[in-house]
Amino acid sequence: MSLMSGDEKHGPAATSTLDALWVLYDRVLRVTPESADDPERDRFLLSKGHGPMAYYAVLAAKGFVPRAWLTGFGGYDSPLGHHPDRTLVPGVEIGSGSLGHGLPLAVGSALGLRAQGLTDPAVWALVGDAEMDEGSNHEALQFAGAMGLEQLHVVAVDNQSATYGWPGGLAARFTMEGWSALTVDGRDHDALYEAFTAPHPGRPHAVVARVEPKD
């Protein structure tokens, strides 16, 4: 990440997601540069697209993009923009940046896989706690719970930047709609891994990863 510089890089938005992203790509997601177009791959959708530096760093570390691209981050001729572009960055599933889009798209992806009879691929979306203020996300998590989308997983990175809170914490917002949900230390890799891989038969699964508050 230190290779990326420039204005408007949304450092806290990126660093808050780094540990969760690393554990996902290093230990959980079944996708590689070679299988990035395989229908049986797991899908990862970065909904929190305004802080992509950690995402780009992990993609580079895992061989999806050349490390040499990192120094050009945000440049006029760089494929690594301030918001990810799926047409420019290998391994990126969606173009993101406008908050409230990633989770609904993940719901659609899970429904599409179900319709095709593809039961093994998992769909993961990473959102921020403030992003959960968006009405589109409330509708998406309500629908996913009602449909029992077991292939759907959400990582909600909580750096206490939401305008509104939820009684019982953010995880309660998911459980009241029929999801499985766990809250863990977003910097503890083993805790993240255990939460990411916890069984949740017949229900979508959410992991709230708590990190230090945004300054």
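Predicted model: local features only at pLDDT ≥ 70, side-chain atom pairs only at ≥ 80, totals over all residues.

Q: Fine. Is helix 3 mostly covered or mostly open?

A: Mostly covered. Helix 3 spans residues 53–61, and eight of its nine residues are buried.

Q: Which residues are buried there?

A: Met53, Ala54, Tyr55, Tyr56, Ala57, Val58, Leu59 and Ala60.

Q: What do the buried residues of helix 3 pack against?

A: Three elements: helix 1 (11–15), helix 2 (18–28) and strand 1 (43–46).

Q: And what follows helix 3?

A: Gly63 follows it, with a positive phi near 85°.

Q: Switching to strand 1. Leu46 lies there. Why does Leu46 count as buried?

A: Because its relative accessibility is 3%, and the cut-off for buried is under 20%.

Q: What does Leu46 touch, leaving out residues up to four places away in sequence?

A: Pro52, Tyr55, Pro84, Ile94, Ser96 and Leu126. Tyr55 is also one of the buried residues of helix 3.

Q: How far is Leu46 from Gly95, C-alpha to C-alpha?

A: 8.5 Å. Along the chain, Leu46 and Gly95 are 49 residues apart.

Q: New topic: Glu131. Where is Glu131 found?

A: In the loop between strand 2 (123–128) and helix 5 (135–147).

Q: Which side chain of opposite charge is nearest to Glu131?

A: Lys48, at 7.5 Å. Glu131 is buried, yet has no salt bridge. A salt bridge would need a nitrogen within 4 Å of a carboxyl oxygen.

Q: So what does Glu131 touch?

A: Beyond residues up to four places away in sequence, Glu131 touches Ser47, Lys48, Leu99, Gly100, His101 and Asn137.

Q: Now helix 4 and helix 5. What angle do they pack at?

A: About 25°, with their axes 8 Å apart. Helix 4 covers residues 102–115. The two helices are therefore roughly parallel to each other.

Q: Left-handed or right-handed crossing?

A: The crossing of helix 4 and helix 5 is left-handed.

Q: Which residues make the contact?

A: From helix 4, Leu103, Pro104, Val107, Leu111 and Arg114. From helix 5, Ser136, Asn137, Ala140, Leu141, Phe143, Ala144 and Met147. Asn137 is also touched by Glu131.

Q: Last one: Gln160. What is its phi?

A: Near 55°, a positive value in a residue other than glycine. Most residues other than glycine have a negative phi.

Q: Where is Gln160 found? And is Gln160 buried or exposed?

A: Gln160 is in the loop between strand 3 (152–158) and helix 6 (170–175). Gln160 is exposed, with a relative accessible area of 60%.

Methods
Residues numbered from 1 in each chain as written. Heavy atoms only, no water. Buried < 20%, exposed > 50% of the residue type's maximum accessible area, 1.4 Å probe, protein only. Helix = DSSP H or I, 4+ residues; strand = E, 2+ residues; numbered from the N terminus. Contact = heavy atoms within 4.5 Å. Lys, Arg positive; Asp, Glu negative; His and termini not counted. Axes fitted to C-alpha atoms, helices over the stretch in contact; angles between N-to-C directions. Parallel < 35°, antiparallel > 145°, perpendicular 65-115°, else oblique. Left-handed = near helix turned anticlockwise from the far one by under 90°.
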